[in-house]
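Here's a quick tour of a protein model, put together for someone just starting out. Have a look at the sequence and the fold, then read on.

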Amino acid sequence: GSRRRITMLTLRNIFDVARFDLAIENADHAPVPVRVAVLGYITAALQTMQAAGEDYYSREETTVSLLTGTASYALAKEVQTVLDTPRIGSRGLMKLTSRSRYDNFGPLFMGQLSSSVPSGDPLAYWVESLRDTTTDEEDNVKLRIYIAPTPSANATMTVPVINEPPTYVIDDLCDDTIIPPVPHKYHESILLPIVRMNATSHPYFDRNKARFPRIQADYLSALKMLGLSDPRTQPQGAASAEKTSQEQPQEAAA
């Protein structure tokens, strides 16, 4: 049998589908409030997928320059999750599950008598999650990665991560090169259905009410793939609970 082709969607593709659902035939005629709303729908959908688990968000790699005698390193603020396994060259590092295992790395893993982190070739890592006090956002978190043993020579460590949802602006909706950070196989099956369901809350959707049953079916299928239940408590055509940030998409994505 033939295999279904997986489509990779750009922000422009998603915007086009959403504006058609809102009965806007020409992108140039889409009012600014509609564009702002669509940004919110896309941001909320990305946040929903990210909250469902790392499998639904694309992996990226960042590099950390390890310095002789330096054990801990702050990661970029957009890094939300560190995935297994950081590596130096082709050598993967062992994951430590607690601060105490890091603090007692010498006795636990190297047979040393003193309770200290020795120096040498890095073998393991531990990730510390801290509240970022440099911002006014209570839920903003910064990550710091600790290396054991403490590097005895400079090196480059490659770290697989998941970043926070990007912050998009209105002009991005017409960009055919921007691809949401979601694995391609989930673009049409999960991301687009959630965006379209979010868009049913817009007053312009009243012009296309006949589309609602299909949009709802695709949306429920997407939630099932994510392992989520339908959070909506409003009647037909209301916004899904994921779309709490539609009026301020950039703040929600920060």
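Local features here need pLDDT of at least 70 and side-chain atom pairs 80 or more, while totals for chains, interfaces and linings use all residues. Residues are numbered from 1 along each chain as its sequence is written, and side-chain values use heavy atoms, leaving out hydrogens and water.

- Over residues 233–254, pLDDT stays under 50.
- Where pLDDT is low, the predicted coordinates should not be read in detail.

- Helix H1 covers residues 11–21 and helix H5 covers residues 187–199; helices are DSSP runs (H or I, at least four residues), numbered from the N terminus.
- Their axes come within 10 Å and cross at roughly 35°; the axes are lines fitted to C-alpha atoms over the stretch in contact, with angles running from 0 to 180 degrees between N-to-C directions.
- On the H1 side, Ile14, Val17 and Asp21 meet Leu191, Leu192, Val195 and Arg196 of H5; contact means heavy atoms within 4.5 Å.

**Salt bridges**

- The whole structure has 7 salt bridges, each one a side-chain nitrogen of Lys or Arg within 4 Å of a carboxyl oxygen of Asp or Glu.
- Asp21 pairs with Arg196 in one of them, at 2.7 Å from N to O.
- Because Asp21 sits in H1 and Arg196 in H5, this pair ties together parts that are 175 residues apart in sequence.
- Asp21 also bridges to Arg211, with the closest N and O atoms 2.9 Å apart.
- Arg211 lies in the loop between H5 and helix H6 (212–226), so this second pair links parts 190 residues apart in sequence.
- Asp21 is buried at 1% relative accessibility, while Arg211 is partly exposed at 33%; buried means under 20% relative accessible area, exposed over 50%, and partly exposed in between (1.4 Å probe, protein chains only).
- Within H1, Asp16 and Arg12 meet in a salt bridge at 3.0 Å, N to O, and they're about one helical turn apart because 4 residues separate them.
- Arg12, Asp16 and Arg19 are linked in a salt-bridge network.

**A buried tyrosine**

- Tyr102 lies in helix H3 (residues 99–103) and counts as buried, at 5% relative accessibility.
- Beyond its neighbours within four places in sequence, Tyr102 touches several residues, including Ala71, Trp126 and Tyr146.

How values were computed: Helix = DSSP H or I, 4+ residues; strand = E, 2+ residues; numbered from the N terminus. pLDDT = per-residue confidence, 0-100.
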